[in-house]
Amino acid sequence: MSEIQVDVEGRTLTISNLDKVLYPRTGTTKGEVLNYYAQVSPVLLPHLKDRAVTRIRWPHGVEGASFFEKNAPAGTPSWVRTAEVPSTGSRSGKGDTTLRFPICDDLATLTWLANLAALELHVHQWTVDADGTPRHPDRLVIDLDPGDPAGLHECAQVALLVRDALAERDLGCTPVTSGSKGLHLYAPMPGGGDSLDSDGTTALAKEVAEALQKEHPALVTATMTKAKRPGKVFLDWSQNSGSKTTVSPYSLRGRERPTAATPLTWDEVEAGAEDELALEQFSMDQVLERVAEHGDLFEA
């Protein structure tokens, strides 16, 4: 195993196997993944700040086995910020156990995670305070998951419906490609985490999803049963649960190609609703080009 030591913002990290291919279809190496995360870090880190990070790791590349990891692993550097939270992710402390999550607030921690082949970085809709105590969620998310043969075109059409439904409830939202098949819509909560708890945001997201299912039954489903999804877009409201996570904007995905969750403009979504070829899932190189040109469209 080849190793080098690097200095990242004053932290010394041991980086291994830079030439290991993690995406065989494109030949993308671990070194290229580390480079992507370093370059995208100025726009990625604000989306990870103060959020417990669940990782999906592919130590042998995306064609090998993967595993979810919530707890900080053995050997976690002492300088990595962590937070112990109830396993439910709630503020009530009802969980039977606690989990010790890493918090990725800086480039050194991000580099350490990428070196562990943590390709996907998933976060909750809530943040933690300085003591590691979970706050109420500061956002609501709805995951638009297309059932074959539906795709991004149908997701874009439904995203416009969700946008209007949220606007009727005085909520704006930002569209993000999932990097996999669908779209995510994020709506900041009034009060920045001082209003509804996770049960409240889950109920609100479910209300929106079920209302749109009733109004557009041929296109939308709010039912988790996969047998009822073909040709429809499933509005997954459950990711607002205190214990659930959503892949972070700008995180890579463990797919055949190194795609990443990518913020969009509403003009792009509207174009995708009109033209089935107008929207795509973006590769990590395309994401870096978009960031260089536009900055973080999530914050635009």
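Me: A salt bridge is a side-chain nitrogen of Lys or Arg within 4 Å of a carboxyl oxygen of Asp or Glu. By this rule, to how many salt bridges does the count come?

Reply: This is a predicted model, in which local features need pLDDT of at least 70 and side-chain atom pairs count only at pLDDT 80 or more, while totals for chains, interfaces and linings use all residues. Residues are numbered from 1 along each chain as its sequence is written, and side-chain values use heavy atoms, with hydrogens and water left out. By the rule stated, the number of salt bridges is 13.

Me: With which residue does Glu 69 form a salt bridge?

Reply: Glu 69 belongs to strand 6 (residues 67-69), and its partner, 14 residues away, to strand 5; helices (H or I, at least four residues) and strands (E, at least two) are DSSP runs, numbered from the N terminus. Glu 69 is buried at 12% relative accessibility, where buried means under 20% relative accessible area, exposed over 50%, and partly exposed in between (1.4 Å probe, protein chains only). With closest N and O atoms 3.2 Å apart, the salt bridge of Glu 69 is to Arg 55.

Me: Which residues are linked with Asp 50 in a network of salt bridges?

Reply: Arg 81 and Asp 105 form a salt bridge whose closest N and O atoms are 2.5 Å apart. This pair joins the loop between strand 6 and strand 7 (82-86) to the loop between strand 8 and helix 2, across 24 residues. Both count as partly exposed, Arg 81 at 26% and Asp 105 at 27%. The residues in the network with Asp 50 are Arg 81 and Asp 105.

Me: Why is helix 2 largely enclosed by the rest of the structure?

Reply: The buried residues of helix 2 (residues 107-115) include Trp 112 and Asn 115. They pack against strands 1, 2, 5, 8 and 9 as well as helix 1 (30-48), contact meaning heavy atoms within 4.5 Å. Helix 2 is largely enclosed because its buried residues number 9 of the 9.

Me: Which are the edge strands of the open sheet?

Reply: The open sheet consists of 6 strands in the order 13-14-10-12-11-16, with mixed pairing; two strands pair if DSSP finds at least two bridges between them. Strand 13 and strand 14 (residues 233-236) pair in the parallel sense over 2 bridges. Pairing on one side only identifies the edges as strand 13 (220-221) and strand 16 (262-263).

Me: Which residue caps the N-terminal end of helix 4?

Reply: Helix 4 (residues 198-215) packs on the sheet, touching strands 10, 13 and 14. Its buried residues, among them Leu 204, Val 208 and Leu 212, also pack against helix 3 (152-167). At the N-terminal end, a side-chain oxygen lies 3.2 Å from the backbone nitrogen of Asp 199, and the capping residue is Asp 197.

Me: With which side chain does the side chain of Thr 221 make a polar contact?

Reply: Thr 221 lies in strand 13, opposite Phe 234 of strand 14. Thr 221 is buried, at a relative accessible area of 3%. A polar contact is a pair of N or O atoms within 3.5 Å; within protein, one must be able to donate a hydrogen and the other to accept it, and residues adjacent in sequence count only if both atoms are side-chain atoms. At 3.4 Å, the side chain in polar contact with that of Thr 221 is Gln 213.

How values were computed
Axes are lines fitted to C-alpha atoms, for helices over the stretch in contact, and angles run from 0 to 180 degrees between N-to-C directions.
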